[in-house]
Amino acid sequence: MKNIIKARALERLAKRVMNPSCEVFINHRGVDTKRSIATLLYDQLSWLDIHPFLDNKTMKPGDKLFDKIDSAIMGCKVGVAVFSPRYCESYFCLHELALFVESKKKVIPIFCDVKPSQLRVVLDSEQCSEEDRRRFASAIEKTKNTVGLTFDSSKGNLSDVVRRASNIVIRSLIEIEKEKQMQRQKSPIPI
């Protein structure tokens, strides 16, 4: 049994090395959720042979931060935004969320220890430009009005929310693939 598990793990690793594209980008505030929901979701999706992007698991020393993150977002099919109490204090979190929205990616919000109504840009003019503040506020508003998962760490079961999020990601990827197939079938065949 150990050999089978080891072989499956090596097979998954080889797939990731050979095909490093990102299917799911996990956007999160590290100080709030990296050691809990974000990493558990990354591990669950990886186990299911889905290619997630999580900064500390995917990036290597020498990678250009914005280049790597921006290209992963642009190349992903689905974004998972894990909102948390300090999420809106991070330029990076808000930048990633704005890229999801601007590139019309499907975003699955998880509201972890925070209500959608509590989300607002708190960065001041020294931390970002007025244009970025507008982009971030627009992205937050659009995402706040998207049905998502809620998780209260004082009452909830972390494994339940990770399982539910994984299932939603899988269904979303299947829907996206079906839409692509339908588009291909509708396209005229070149002569």
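Q: Is Leu54 buried or exposed?
A: In this predicted model, Leu54 has its place in the loop between β2 and α3 (55-58). Its relative accessible area is 0%, and the cut-off for burial is under 20%. Because its relative accessible area is 0%, Leu54 counts as buried.

Q: Which residues does Leu54 touch, not counting residues up to four places away in sequence?
A: Leu54 lies in the loop between β2 and α3, and contact here means heavy atoms within 4.5 Å. Once residues up to four places away in sequence are not counted, the residues that Leu54 touches are Ile26, His28, Ala38, Thr39, Tyr42 and Met59.

Q: How far apart in space are Leu54 and Ala72, C-alpha to C-alpha?
A: Ala72 is one of the buried residues of helix α4 (residues 65-75), while Leu54 is buried in the loop between β2 and α3. The two residues are 18 apart in sequence, and their C-alpha to C-alpha distance in space is 9.8 Å.

Q: Why do the buried residues of α4 line one face of the helix?
A: The buried residues of helix α4 are Ile69, Ala72 and Ile73. Seen down the axis of α4, these buried residues line one face of the helix because they fall within an arc of 100°.

Q: Which elements do the buried residues of α4 pack against?
A: The residues concerned are Ile69, Ala72 and Ile73, the buried residues of α4. The elements against which they pack are β1 (24-28), β2 (52-53) and α5 (91-102).

Q: Which element gives the most to the largest nonpolar core?
A: This core has 29 residues, of which Phe25, Phe83, Leu94 and Leu97 touch the most other members. The elements that give two or more residues to the core are α4, β3 (78-83), α5, β4 (106-112) and α6 (130-144). With seven residues, the element that gives the most is α5.

Q: Which element gives the largest share of the lining of the second largest pocket?
A: About 160 Å³ of space lies in this pocket, which is lined by 16 residues, with His28, Asp55, Phe92, Cys93 and Glu96 nearest its centre. The elements that give two or more residues to the lining are β1, α2 (30-47), α4 and α5. The largest share, four residues, comes from β1.

Q: How many nonpolar residues does the lining of the second largest pocket have?
A: The lining of the second largest pocket consists of 16 residues. By class, four of the lining residues are polar and four are charged, whereas the number of nonpolar residues is eight.

How values were computed:
Residues are numbered from 1 along each chain as its sequence is written. This is a predicted model: local features need pLDDT of at least 70, side-chain atom pairs count only at pLDDT 80 or more; totals for chains, interfaces and linings use all residues. Side-chain values use heavy atoms; hydrogens and water are left out. Buried means under 20% relative accessible area, exposed over 50%, partly exposed in between (1.4 Å probe, protein chains only). The arc is that of the directions from the helix axis to the C-beta atoms. On a 1 Å grid over the protein atoms alone, a cavity is a set of points where a 1.4 Å probe fits but cannot get out, and a pocket is an open set with protein on both sides within 12 Å along at least five of seven lines; lining residues have an atom within 4 Å of a point. Grid points are joined across faces, edges and corners, and a volume is the space filled by probe spheres set on the points. Ala, Val, Leu, Ile, Met, Phe, Trp, Tyr, Cys and Pro count as nonpolar, Asp, Glu, Lys and Arg as charged, and the others, Gly among them, as polar. A nonpolar core is a set of buried Ala, Val, Leu, Ile, Met, Phe, Trp, Tyr and Cys residues joined through side-chain atoms within 4.5 Å.
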